[in-house]
Amino acid sequence: MLSVLRTIWMVLLHSFRKRDTVLYPEVKPYLPPRYRGRIVLTRDPDGAERCVACNLCSVACPVDCISVIKGEDETGRWYPDTFQINFSRCIYCGFCEEACPTYAIQLTPDFEMGEFDRQKMVYEKSDLTISGVGKRPGYNYYRVAGMAVGGKDKGEAVSESEPVDIKTLLP
Amino acid sequence: MMIGVSDSTFFSALWQGAETIIILLAVVIASALLIWLERRLLGLWQDRYGPNRVGPFGLLQVVADMIKIFFKEDWIPPFADKAVFIIAPAVIMLTTLLTFAVVPFTETIDVVNLNIGLLFVLAMSSLGVYAVILGGWSSDNKYAMLGGLRTAAQMISYEVFMGLALLGVVMLAGSFNLHTIVESQAGLWNVLTQFPSFVIFLIAGCAEIHRAPFDLPEAEQELTAGFHTEYSGMKFGMFFVGEYAGIVLISSLITVLFFGGWLGPVLPGIVWFLIKTMFFIIFFVLLRAATFRPRYDQLMSFGWKVLLPIALANIALTAAAVVATS
Ligand code: SF4
Ligand code: SF4
């Protein structure tokens, strides 16, 4: 019985506590830089698109909300013809970001994407692409990868050795 | 002269009617606003805000909720007992509002000055139980049924000592008339002389209006919503507002029976009445924020083994005191 009275008194004392609620639209909560929100497609330091339309993100996505159609330019470099993310299905798990070999797709600390029309939740490539490098400054996939694309042959990447001639035994 | 007499009776009847309607509206509006007050206070005690968006301090939240609930589909389950299902929510409003008829807000503001006022209150509160039992039974839903059963169990455990607790007050005042009871407290409030019966009435009142900690009939966690599981739309709204009208009722009854009703220095009577009633309304909300719900067998054994003996002892002592002093 006494413990009940004590509880009542202690609850009453909560009248003078600070409230925990963050009054959201007026007070914006702090979101850490690695918060998983709206997805963007970044560019490499040279300003070119990073995405190579490998579809790894699309495969990794547990809700299948990324749709990529591959394109190819005259030098043989792949790029996405279309890149759509259906944000009404996205669960912001970040698997796409982990799967991406080029750091093209990244999640950002922004969640204010509400829409009245569900169709508007499908973001096209032009909606997704940003002009900067996002969370990965200084990374350029083609400068470190052993892929031959226009203007760069095998063995010419950063800290890459000349390709080995596999048809000879000489060192 | 004949005309004069009939004129004055006509006007007094008109005034009586207007007064009744004003009290009715005030009670219903106050109960609706209580929904807002309760949510804000619960928020305060749980370190959050509660509704604070619609209108100043979120006051218009009630209006928004009302509009919403009026436009909800008013669904009657095909397996329900239709007539009873419809009557049940009306009963709870009816009995609660009828009880307000005998509550003296001040010396002059009341609907009727009934000489068996307190008996009327007890009768109506017993009838109010029907709303819950019938609502639960007619829904033909096991959660609702269990809720109704619990109400019955709860009722037989608190109605007895609720009546017995009030006997002490009646003995001191020598009357069932609520006006006389208030006036008898001019020197000393009943809460001082009748403290045990005040505590018992507080507990019983809480059980009467199915408020936490005695909200066994609705018990969201175990019975989804208990007796009103199947209710939707305005029928649910009636149960809801009925519950809050019940809080106002029990608070004003506590004020009248134990805290000297409208009596108080300086301020006009109605202000005193409202202050005291408000205090208990807030106390009921605090109870809800702070207490847990007992099992209904615990409630029954607490009622019969603890509160009933206390109530009886209180009656005996009061009777002895009354005899000794007269
Ligand atoms: S965050 Fe998860 S759900 Fe959203 S697009 Fe990436 S992989 Fe799919
Ligand atoms: S965003 Fe990354 S993983 Fe997805 S297709 Fe482009 S390069 Fe591949």
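Student: Asp140(B), buried or exposed?
Tutor: Asp140(B) is exposed, because its relative accessible area is 52% (exposed means over 50%, buried under 20%, and partly exposed in between, with a 1.4 Å probe and protein chains only). Keep in mind that the model is predicted: local features need pLDDT of at least 70 and side-chain atom pairs count only at pLDDT 80 or more, while totals for chains, interfaces and linings use all residues.

Student: And where is Asp140(B) in the chain?
Tutor: Look in the loop between H4 and H5 of chain B. Helices here are DSSP runs of H or I with at least four residues, strands are runs of E with at least two, and both are numbered from the N terminus. As for the bookkeeping, residues count from 1 along each chain as its sequence is written, chains are lettered from A and ligands numbered from 1 in the order in which they are written, and side-chain values use heavy atoms, leaving out hydrogens and water.

Student: What's the phi of Asp140(B)?
Tutor: About 55°, which is positive, although Asp140(B) is not a glycine.

Student: OK, hop to chain A. What about the phi of Asp64(A)?
Tutor: That phi is near 55°, again a positive value in a residue other than glycine. Asp64(A) sits in the loop between helix H2 (56-60) and strand S2 (66-72) of chain A. With a relative accessible area of 52%, Asp64(A) is exposed.

Student: Now the ligands. Which residues are closest to ligand 1?
Tutor: Cys61(A), Cys90(A), Cys93(A), Gly94(A) and Cys96(A) are the closest of the 13 that surround ligand 1. Being near means having a heavy atom within 4 Å of the molecule.

Student: How does that shell split by type?
Tutor: Around ligand 1 there are 12 nonpolar residues, 1 polar and no charged. Ala, Val, Leu, Ile, Met, Phe, Trp, Tyr, Cys and Pro count as nonpolar, Asp, Glu, Lys and Arg as charged, and the others, Gly among them, as polar.

Student: And which residues are around ligand 2?
Tutor: Among them are Cys51(A), Cys54(A), Cys57(A) and Cys100(A), along with Phe83(A), Pro101(A) and Ile105(A). The shell of ligand 2 has 10 nonpolar residues, 2 polar and no charged.

Student: Cys51(A), buried or exposed?
Tutor: Cys51(A) counts as buried because its relative accessibility is 11%. Cys54(A) is partly exposed at 34%.

Student: How many disulfides turn up?
Tutor: 0, searching the whole structure over all chains; a disulfide here is a pair of cysteine sulfur atoms within 2.5 Å.

Student: Back to chain B. At what angle do H5 and H12 pack?
Tutor: Helix H5 (residues 142-173) and helix H12 (residues 296-325) of chain B pack at about 15°, and their axes are 9 Å apart. That angle makes H5(B) roughly parallel to H12(B). Axes are lines fitted to C-alpha atoms, for helices over the stretch in contact, and angles run from 0 to 180 degrees between N-to-C directions. Under 35 degrees counts as roughly parallel, over 145 as roughly antiparallel, 65 to 115 as roughly perpendicular, and the rest as oblique.

Student: Left-handed or right-handed crossing for H5(B) and H12(B)?
Tutor: Left-handed, which means that the near helix is turned anticlockwise from the far one by less than a right angle; clockwise would be right-handed. The contact of H5(B) with H12(B) has 20 nonpolar residues, 6 polar and 1 charged.

Student: What about H3 and H4 in chain B, how do they cross?
Tutor: The axes of helix H3 (residues 82-99) and helix H4 (residues 117-138) of chain B come within 8 Å and cross at roughly 160°. So H3(B) is roughly antiparallel to H4(B). The H3(B) and H4(B) crossing is left-handed.

Student: Ser125(B), which helix is that in?
Tutor: H4 of chain B. Ser125(B) is buried, with a relative accessible area of 10%.

Student: Last one: where does Val54(B) sit?
Tutor: Val54(B) is in the loop between helix H1 (2-45) and helix H2 (61-71) of chain B. Val54(B) counts as partly exposed, because its relative accessibility is 30%. From Val54(B) to Ala64(B), 10 residues apart along the chain, the C-alpha separation is 8.0 Å.
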